[in-house]
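Here is a brief report on the fold and packing of one protein chain.

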Amino acid sequence: MSSPAIYCTCGGMKQLSKNEEKMRIGQFLMGLNESYLAIRGQIMLMQPLPTVKKAYSLLCEEEKQRGLVEHKVTE
């Protein structure tokens, strides 16, 4: 037997969700290698903070750019 769904009408769940997302993005960024120091700082300065999904996307773009630069340098 399942318990009935409880609906929040005060907005508290929305704030709780925002706080949890901030905590997740902080943990994600702090867990990055030191080579990502610059992009980590840029992301942390973004207002509002991006989601973890968006931050990951930005990091993927950074890696692509690094790959292109390294490839051009080694040619």
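This is a predicted model: local features need pLDDT of at least 70, side-chain atom pairs count only at pLDDT 80 or more; totals for chains, interfaces and linings use all residues.

The largest nonpolar core has 8 residues: I25, L29, L32, Y36, I39, I43, A55 and L59. Such a core is a set of buried Ala, Val, Leu, Ile, Met, Phe, Trp, Tyr and Cys residues joined through side-chain atoms within 4.5 Å. Buried means under 20% relative accessible area, with a 1.4 Å probe and protein chains only.

Residues are numbered from 1 along each chain as its sequence is written, and side-chain values use heavy atoms, leaving out hydrogens and water.

The protein chain holds 3 helices and 0 strands. Helices are DSSP runs (H or I, at least four residues), as are strands (E, at least two), numbered from the N terminus.

I25 belongs to the core. Beyond its neighbours within four places in sequence, I25 contacts L49, P50, T51, V52 and A55. Contact means heavy atoms within 4.5 Å. Of the chain's contacts with a separation of 6 or more, 50% join residues 24 or more positions apart.

Buried residues make up 13% of the 75 in the chain.

Y36 is another core member. The charged end of R66 sits over the Y36 ring, 4.7 Å from its centre. That term requires NZ of Lys or CZ of Arg within 6 Å of the ring centre and within 35 degrees of the ring normal.

Note on methods. Buried means under 20% relative accessible area, exposed over 50%, partly exposed in between (1.4 Å probe, protein chains only).
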